[in-house]
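Here is a friendly walk through the model you have on screen. Keep the viewer open and follow along section by section.

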Number of protein chains: 2
Amino acid sequence: MQTFDSKRETGSTATVVTADERDPEFEGSTLEAVIEALRRRICGGALKPGTRLQEVALAEEFGVSRVRIRDALLALQQRGLVDRQKNRSAIVARLDLKGVFEILELRENLEGLCVRLAVENRPAESWQYLVDLFQGPMARYAEENNVEAYLVEVERFRADLTLAADNSILNEMLSMLRDRTRNIVDRTTMLPGRIQQGVKELQLVVAAMRSGDGAEAERLRRENIRSQRAFVQRYQNFLL
Amino acid sequence: MQTFDSKRETGSTATVVTADERDPEFEGSTLEAVIEALRRRICGGALKPGTRLQEVALAEEFGVSRVRIRDALLALQQRGLVDRQKNRSAIVARLDLKGVFEILELRENLEGLCVRLAVENRPAESWQYLVDLFQGPMARYAEENNVEAYLVEVERFRADLTLAADNSILNEMLSMLRDRTRNIVDRTTMLPGRIQQGVKELQLVVAAMRSGDGAEAERLRRENIRSQRAFVQRYQNFLL
DNA sequence: GTCGGCAATATTGTCAACAATATTGTCCGG
DNA sequence: CCGGACAATATTGTTGACAATATTGCCGAC
């Protein structure tokens with residue numbers, strides 16, 4: 001059983017802000033820090049799609065000026081995480097089913113490319129730790145349905161791949177795509193049987209990596225994403 | 001403490017800007033319009049990489065406030081077209097050879113995906129006009145080395161494909177990637193033999209599209225991009 | 001003459017007040 | 001009781017002035 005850490009539920013209206021609610025951590029923070037903080041909240045599910053993001057409330061909460069919040073919201077809009085209209089509060093972007101499939105279609109390609117590039121850039125032996133990881137701890141997590149630990153390791157797995165792929169723009173795009181579907185994909189992992197199948201598929205991927213077969217690793221990774229998509233399709237009512 | 005004399009020209013702000021260099025076209029334009037205008041200038045080569053983009057100068061030129069320029073520059077930074085550092089002027093982003101290859105690697109995948117999705121979404125007969133285009137006018141442009149007309153048509157070809165692919169996020173990403181390499185890729189077309197080879201390759205692509213073979217069209221389009229990359233590699237000293 | 005420091009200038013970053021607009025609440029007639 | 005017009009409030013958009021910082025030009029020591 002897994003519980004996402006239930007942060008303070010700001011709910012719909014946190015208009016009246018007393019000094020207690022100010023988060024001193026971001027006092028006078030840089031723009032990037034604010035962007036990153038908001039990004040985390042949105043991707044982590046603390047701010048649900050449709051939530052109004054009011055500039056003054058956020059400004060007081062973060063202890064920064066309103067313009068900085070405005071800039072952050074603009075950046076997040078470019079990133080696709082929030083929607084903005086003139087003279088209306090920004091809201092956390094909603095993602096319909098078509099959007100999810102569009103992103104998964106892209107991720108199928110790009111995650112595949114990512115793993116192939118990683119294999120091409122590193123000696124095959126260097127992937128042994130992933131074989132061990134997926135046959136040891138990860139298999140155990142799957143048995144125990146330990147979704148949280150599984151997700152943490154998968155995240156590191158992906159981070160290692162993007163690092164090895166050594167393509168900053170691919171990196172950036174994958175980061176964006178993952179952000180926009182993180183909620184849904186993470187919940188997919190909790191579906192019955194998904195985590196076990198996921199581990200099985202990724203075991204094949206890392207095996208191909210270990211043997212230095214980039215093309216095969218790419219094919220298997222794409223298959224892995226397609227399998228994810230099948231789960232989303234099947235359980236769409238539950239996920240959205 | 002300064003006195004506010006009550007000038008309430010709400011409709012028309014009587015700014016004391018010399019009218020010489022102002023471009024009245026953008027007077028009071030929306031943020032998106034400013035972003036688009038700057039984007040065009042950068043992609044079109046009017047603003048070369050490394051050019052300083054000073055906020056006040058741009059603000060006066062476009063006849064908009066400085067904050068709007070700031071917002072536009074922030075958006076273009078997210079898009080990868082400009083670089084910004086704290087307390088320094090934004091500059092048009094420089095792209096090194098590695099960056100070009102990174103982008104071409106991505107484009108190889110995504111343009112391929114794009115053409116495959118387009119084929120899957122439309123009846124094969126609907127592509128007849130492309131067969132005609134590439135065997136008629138485009139072949140002529142190649143013979144005459146009419147690079148300009150060729151580029152215009154290729155641009156429309158790409159626009160049609162992205163429209164048919166019907167994946168807004170893919171659209172957005174391809175648009176971004178094309179923007180960042182437009183200068184270099186356009187110049188590639190002028191290299192000896194490139195335009196003829198390009199037409200030949202694209203003739204094969206549209207033939208596959210016309211026969212409804214999405215997978216083959218994808219493969220051929222990827223080959224086409226790889227061929228572009230080979231030209232860039234070969235003539236890198238001239239191009240950069 | 002050249003280099004390093006120092007003042008002068010130019011440019012971006014920040015802030016608070018104000019304007020424009022949307023949202024909410026209220027009142028009245030049906 | 002309901003709906004629509006209208007006022008009150010809340011929220012975003014814009015402006016200009018000011019502060020912080022980088023760049024440039026200058027001067028003197030060596």
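## Domains of chain A

In this predicted model, the domain assignment divides chain A into domain 1, residues 19-92, and domain 2, residues 97-239. Taken over C-alpha atoms, the centres of the two domains of chain A are separated by 29 Å. Contact between them involves six residues of domain 1 and five residues of domain 2. On the domain 1 side, these comprise two nonpolar, two polar and two charged residues.

## Overall make-up

Chain A has 11 helices and three strands. Along the sequence they follow the pattern α-β-α-α-β-β-α-α-α-α-α-α-α-α. Of the 240 residues in chain A, 32% are buried. If you look at contacts in chain A between residues at least 6 apart in sequence, 76% of them join residues at least 24 apart.

## The sheet and its loop

The three strands of chain A form an open sheet in the order E1-E3-E2, with antiparallel pairing. Strands E1 (52-53) and E2 (82-83) of chain A are at the edges and have a single partner strand each, so one side of each lacks a neighbour in the sheet. Two bridges join E1(A) to strand E3 (residues 90-92) of chain A in the antiparallel sense.

The loop between E2 and E3 of chain A holds Asn87(A). Its phi is positive, near 60 degrees, although Asn87(A) is not a glycine. Is Asn87(A) buried or exposed? Asn87(A) is exposed, because 5 other C-beta atoms lie within 10 Å and the cut-off for exposed is 12 or fewer. In chain B, Asn87(B) sits in the loop between strand E2 (82-83) and strand E3 (90-92), and phi of Asn87(B) is positive too, near 65 degrees. Asn87(B) is exposed, with 5 other C-beta atoms within 10 Å.

## Helix H3 of chain A

H3(A) has 13 residues, which should span 18 Å at 1.5 Å a residue; the end C-alpha atoms of H3(A) are 19 Å apart, in agreement with that. Buried residues in H3(A) are Arg68(A), Ile69(A), Ala72(A), Leu73(A), Leu74(A), Ala75(A) and Leu76(A).

What covers these buried residues? The cover includes helix H1 (31-43), E1, helix H2 (55-62), E2 and E3 of chain A, along with helix H3 (66-78) of chain B. After H3(A) comes Gly80(A), with a positive phi near 85 degrees.

## Where the chains meet

Contact between the chains involves 17 residues of chain A and 17 residues of chain B. On the chain A side, the elements giving two or more residues are helix H3 (66-78), helix H4 (97-121) and helix H8 (168-189). H4(A) supplies the largest share, seven residues. Sorted by class, this side of chain A has nine nonpolar, four polar and four charged residues.

## Nonpolar cores

The largest nonpolar core has 76 residues, and those with the most contacts inside it are Cys114(A), Met209(A), Cys114(B) and Met209(B). Leaving aside residues up to four places away in sequence, Met209(A) touches Val115(A), Val119(A), Trp127(A), Leu130(A) and Ala217(A). There is also a second, separate core of 37 residues, which includes Phe62(A), Leu53(B), Ala90(B) and Val92(B).

Definitions and conventions
Residues are numbered from 1 along each chain as its sequence is written. Chains are lettered from A and ligands numbered from 1 in the order in which they are written. This is a predicted model: local features need pLDDT of at least 70, side-chain atom pairs count only at pLDDT 80 or more; totals for chains, interfaces and linings use all residues. Two residues are in contact if their C-beta atoms, placed from the backbone, lie within 7 Å. Helices (H or I, at least four residues) and strands (E, at least two) are DSSP runs, numbered from the N terminus. Ala, Val, Leu, Ile, Met, Phe, Trp, Tyr, Cys and Pro count as nonpolar, Asp, Glu, Lys and Arg as charged, and the others, Gly among them, as polar. Domain bounds come from an automatic or database domain assignment. Two strands pair if DSSP finds at least two bridges between them. A nonpolar core is a set of buried Ala, Val, Leu, Ile, Met, Phe, Trp, Tyr and Cys residues joined through C-beta atoms within 7 Å. A residue is buried if 20 or more other C-beta atoms lie within 10 Å of its own, exposed if 12 or fewer, and partly exposed in between; C-beta atoms are placed from the backbone. The expected span of a helix is 1.5 Å times one less than its number of residues.
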